[in-house]
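Here is a short tour of a protein model, written for reading beside the structure. Please have the sequence and the 3D view open as you go.

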Amino acid sequence: VLCFYIYIYFVFIICICVFLSFVLVSHTRMYPYGPKYQDRRTPKADDGASPRIPIPVHFYFYNKNYRFLYVNNNGVVSFDVPVSQYTPDSFPVEDGRAFVAPFWADVDNRITGEVYYRQSQDQQLLQRVTADINTYFPHHKFAAAWLFVATWDQVTFYGAKSSKVNTFQAVLTTNGNVSFVMLNYLDIQWISGAASGGDPYNGLGGTPAQAGFNSGNQSHYFNVPGSWTTSIISIFSTSNIMNPGRWVFQVNEFIVPNGCVYKGVLICHPVGGCSAYLPLQVQCNRT
Ligand SMILES: [Ca+2]
């Protein structure tokens, strides 16, 4: 009997450690955000956006140079023009809009949640993003000169009659020539707003969220696997850089790491945690 209780005790301790390590890993996936970091907030408006944000560097996105950004409440960072559309399209979008969509869906920050953003040339942050990019793209010897962090913090959806919220982030960085976009997912609980056919009680169904990027032309775009399907609810467990919950792309021209896109599967054991990560190649859609 004593051995049984000792066994239960150790299993309990291991479970606690696994849980805490998950929480820690999930939170360190996100770049720092919020009022503590002097982030600005977008207005509380269903389909609203930040003011036009001038940036002090050249941000090349598919061979075009941009100097202005918008952070749009509905899960999009756009170039030159805001995006108020609340039901997402699958990429490519045909009207020439260029934008990055960490999670394009009908966010409603009037109900709950904040949309934060800031640009930074803080040395500590630049070192962090430089280290991350050089880990994923070692041949570049990249040195970040600027970064932009947009974070949707515990946002709910239009028409919500539930407490479901999503937290995700887009990080843009450049050295003025080569540019990258990193998408970080902390917690995804809903995928569609009520005006997009979603269920107001659970945020599921209807037209699900779209993730990826759209260059504004018909040949350069990327749909994160699962986009526009119910599978997008699991985006926090997929990756193209073997790091579940993070997707990273070089975007000054069309390049996807390793030439292909992977959907990741985290292998978890009842005791001992989630130690193995198995990449499954699902598509190679380079153009
Ligand atoms: Ca909205």
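How many helices and strands does the protein have? There are two helices and 14 strands, where helices (H or I, at least four residues) and strands (E, at least two) are DSSP runs numbered from the N terminus. This is a predicted model, in which local features need pLDDT of at least 70, side-chain atom pairs count only at pLDDT 80 or more, and totals for chains, interfaces and linings use all residues. Residues are numbered from 1 along each chain as its sequence is written.

**Overall picture**
- Buried residues account for 44% of the 287 residues in the protein; a residue is buried if 20 or more other C-beta atoms lie within 10 Å of its own, exposed if 12 or fewer, and partly exposed in between, with C-beta atoms placed from the backbone.
- Of the contacts with a separation of 6 or more, 61% join residues 24 or more positions apart; two residues are in contact if their C-beta atoms, placed from the backbone, lie within 7 Å.

- Six strands form an open sheet in the order 1-6-7-8-9-12, with antiparallel pairing; two strands pair if DSSP finds at least two bridges between them.
- Strand 1 (40-41) and strand 12 are at the edges with a single partner strand each, so one side of each has no neighbour in the sheet.
- Two bridges link strand 1 to strand 6 in the antiparallel sense, and Arginine 41 stands opposite tyrosine 116 in strand 6.

**Helix 2**
- Leu125, Val129, Asp132, Ile133 and Tyr136 of helix 2 are buried.
- Those buried residues fall within an arc of 95° seen down the axis of helix 2, so they line one face; the arc is that of the directions from the helix axis to the C-beta atoms.
- On the face turned away from the buried side sit the exposed residues Gln123, Gln124, Gln127, Ala131 and Thr135.
- The buried residues of helix 2 pack against several strands, including strand 6 (114-120) and strand 12 (246-250).

**Around strand 4**
- Strand 4 (residues 76-79) is covered on both faces, with Val76 and Ser78 buried on one side and Val77 and Phe79 buried on the other.
- Strand 3 (residues 64-72) runs antiparallel to strand 4 and is joined to strand 4 by four bridges.
- These two strands form a hairpin with three residues between them, and glycine 75 in the turn has a positive phi of about 80°.
- Serine 78 stands opposite tyrosine 70, and its bridge partner in strand 5 is phenylalanine 99.
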